[in-house]
Amino acid sequence: MNQATKTVSKEGNSMSTSNKPVMTVAETSKYLGCDPRTVGKAIEDGTIKSVKIGRRVLVLRAPLEQMLRGEA
């Protein structure tokens, strides 16, 4: 597993971002290989589906991967 796809949970456990149904904007930008501001603009214009929980914006993995495969 490379460093870009590895995160550490609050408990200190290492987990892959590929197992989570949601990603942060930072994780999404690393996944896509673009700037976090680009992800933010795509969220604002509705290109990337997300949910907002408090101040956190979380990108929904399944719709993002469908879009990348050309299914959405």
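Three strands form an open sheet in the order S3-S5-S4, with antiparallel pairing, where two strands count as paired if DSSP finds at least two bridges between them. This is a predicted model, in which local features need pLDDT of at least 70 and side-chain atom pairs count only at pLDDT 80 or more, while totals for chains, interfaces and linings use all residues. Residues are numbered from 1 along each chain as its sequence is written, and side-chain values use heavy atoms, with hydrogens and water left out.

- Strand S3 (22-24) and strand S4 (50-53) are the edge strands, each pairing on one side only, and from one strand to the next the twist averages 35°.
- S4 and strand S5 (residues 56-60) run antiparallel and are joined by four bridges; isoleucine 53 has arginine 56 in S5 as its bridge partner.

**Helices** (DSSP runs of H or I, at least four residues; strands are runs of E, at least two, and both are numbered from the N terminus)
- Helix H3 (residues 61-69) lies across S3 and S5, running at about 50° to S5, with axes fitted to C-alpha atoms, for helices over the stretch in contact, and angles taken from 0 to 180 degrees between N-to-C directions.
- Within helix H1 (residues 25-32), Glu27, Thr28 and Ser29 are buried, that is, under 20% relative accessible area with a 1.4 Å probe and protein chains only; glycine 33, with a positive phi near 75°, follows H1.

**Confidence**
- The chain has a mean pLDDT of 83, with 74% of its residues reaching 70 or more, where pLDDT is the predictor's confidence in each residue, from 0 to 100.
- Among the elements of the chain, helix H2 (residues 36-44) has the highest mean pLDDT (98) and strand S2 (residues 14-16) the lowest (47).
- The pLDDT is below 50 over residues 7-15, a stretch that has 11 contacts in the model beyond near neighbours in sequence, a contact being heavy atoms within 4.5 Å.

Methods:
Buried < 20%, exposed > 50% of the residue type's maximum accessible area, 1.4 Å probe, protein only.
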